[in-house]
Every structure is written in structure tokens, then in C-alpha cells.
Amino acid sequence: MPQNISKIKKIGVLTSGGDSPGMNAAIRSVVRACNYYGIVCCGIRMGYEGLINDYVVELGPRSVRNLINRGGTELKSARSQEFRTKEGREKAAKTVKKHNIDALVIIGGDGSFTGGTIFQKEHGVPFIGVPGTIDNDIFGTDYTVGYDTALNTAVDAIDKIRDTATSHNRVFFVEVMGRDAGFIALNSGIATGALDILIPEEKDSIEDLFIAFEKAQEKGKSSSIVIVAEGEKLGGVYDLAKFTKMKYPEFDVKVTVLGHIQRGGSPTVADRVLASRLGVAAVEGLIAGKSNVMAGMQSSKLVFTPIEEAIKKHNEIDKDLIKVADILST
Ligand code: F6P
């Protein structure tokens, strides 16, 4: 075991915001990396709520056994309203002091990182972020922990929907998650051969969708699947289905909202490995004196991005992929 000569003797780890598959693998990684470097690790339950209310448990390497394959987050998560207040953060700082926590690893999305930044500014608690969200919209990493699993879950479900769409000559509008981001929609749409993919990053119009239907009919297609990101701006799947039915009364139109099934389940290999790498990187980064950064992977290389940049910027949708989707749906 290498000697830990840094100032960091105790690290607290928490998961915050929406859960994502692979968060448990990230927790395990942080705990085991701490143990490897001779650092005490404690888990903070319920995200920032746990910091406010002193839900702190010491975690040893054996306490995270049988965790790498499990979905959700064993530490539980929350979108804490109280941590948004100065008073809430003061209570949280008392917990940090009481347990002699030197630094935090925050596994979550941009909202969680914003909370960590304010907390660091007010109370001087260093932290490193690990991007955990199914949306894949965080700048500074090619992939976020949970995205690959969510994408595969969506594809698996859409493949099943296709069986019914084809058997009954139906038009399906399938809503996938992504409040502000179309990564799941675009990639699941390409992977399942969708007729059209509607995402918040693109200016879509109902007329274009109707043109796509008409072209499909001309080509003799008898069923269609349209993938709609939760955050697309045309009014949502139910309205799209309604307008389509009004325009084409002969269509048998159905709606499926995949919802939270995309957030659950055992993480894929890609998510487990990503979470494992970033958990170790976060601990090593803190030991090396880094703070206010997010650990991520870009072009297979580990990178630390200043947290303000990770929060402000967003991963861009690949325009080439949009073109590929257009070409292949013809
Ligand atoms: O940010 C991840 C995400 O799953 C979004 O895609 C979705 O809009 C949101 O969380 C749902 O959050 P909640 O589970 O709190 O309703």
C-alpha cells in the first residue's frame, strides 16, 4: 500500500441528483481507492440531505462488496432543497467538521456540482466531481456514468415495441429521457432504425415529421417508430400523436413513455469500467491537491475539467450523427 503523505486523511463520498446505473460502481471505486491509499472513507447518505442531517457512515473495502453490478445508489440520492439555502449549507459544514472530513467526492450531475462549488466557496471544503447522469450532457467527459446502460435499456425496449409496430402496421411515438439533452434519443433512434428523431437541440417542425411519414408511405413502409426526447420542444409525445392522428385518421397511432426504466438496472460493462476509473481518479486527484474539478474521460484519456466549465458548457450533439439518422431513415 503506498504511503499517503497528502493532507487528505478522510474523504466523504455522496451521490446527488437523479440516480444513474453505475453510481454504485463509482462509490465502490472511491471506497476501495481510499483504502488503497490509506485514507478513511465515509459515505454520506441521501446526497446533500445527508450532509445537512449527519447521515454519515464509515465505509471499508468490504462494505462495498457485491455492489459493482447493482443499479441505483446504495447511498441513496436526493435533490436537496435545503442545501440551496445558506442555512442548510451551514448545517452541512458542521457535519463535515464533526467528522473531520477533508474533502468530498460528489457523484452526480451539474446541479450537484453547482451545490459543491457554492459549498466549497463558503466553507472551503475541497471536492472532485464524478459525472453521474443518464443524460450524457455534462461537458468534460465523452460519456457520463449511467448513459450507456440507459441507452441500452432504451434500445432493448424500442426493439420490443418494433415487434408490435410491425405486426400491426402501427405508428409509435416513443418518449425517452433527456430533459435538456437528446443523446439518448438520437443514439437509440439510430440504433433502432427510427423513422424520425426529435431532440431539444434541433429545431424540428410537425410539417417535417409529416413529410417523413409521407415519404415512408411512398416507399411502402407500413409501420414507423418516432423517438422523442423528453425535452423536445414540439409539445410532447401525446400532442404529436394527436396531431398525427388528426392529419392521418387512417394511422393506428400509439404512444409509449419509457420513463424511469431507463434509470434502473444493472450497469453495462462500459458504465462499470468508466465509474471504476473515475472513482479512482477522483481520490488520486484529491490526494494530488486538486479541487473544484470534474474527473472525466475524453478520447480515452483521463481529464480533469474545472467544475465551472463542466457546469456552464454542455456536450454538443454530433451533427454528423443527425445526418446519419436522416440518411438511414430514407
Ligand atoms: O437528469 C436525469 C433525468 O433522468 C432526466 O432525463 C429526467 O428529465 C429527470 O432526470 C427526471 O428526474 P426525476 O426522477 O427527479 O423526475
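How many Å separate an oxygen atom of the ligand from an N or O atom in the side chain of His-260? The separation is 2.8 Å.

Hello everyone. Before going on, this is a predicted model, where local features need pLDDT of at least 70, side-chain atom pairs count only at pLDDT 80 or more, and totals for chains, interfaces and linings use all residues. Residues are numbered from 1 along each chain as its sequence is written, and side-chain values use heavy atoms, with hydrogens and water left out.

Back to the ligand. Asp-135 also places a polar side-chain atom 2.8 Å from a ligand oxygen atom. Gly-178 uses its backbone instead: an N or O atom there lies 3.2 Å from an oxygen atom of the ligand. The protein buries 77% of the 390 Å² that the ligand exposes when taken alone (accessible areas by the Shrake-Rupley method with a 1.4 Å probe).

Who else is around? The residues surrounding the ligand include Arg-79, Thr-133, Met-177, Glu-230 and Arg-263 (near means a heavy atom within 4 Å). By type, the shell has 5 charged, 3 polar and 2 nonpolar residues, with Gly counted as polar and Asp, Glu, Lys and Arg as charged.

Now zoom out. The chain splits into domain 1 (10–146 + 267–312) and domain 2 (147–263), with bounds from an automatic or database domain assignment. Both domains give residues to the shell, so the ligand lies between them. Their centres, over C-alpha atoms, are 34 Å apart. At the domain contact, 18 residues of domain 1 meet 13 of domain 2 (heavy atoms within 4.5 Å).

Methods. Polar contact = N/O pair within 3.5 Å; in protein donor to acceptor, adjacent residues only side chain to side chain.
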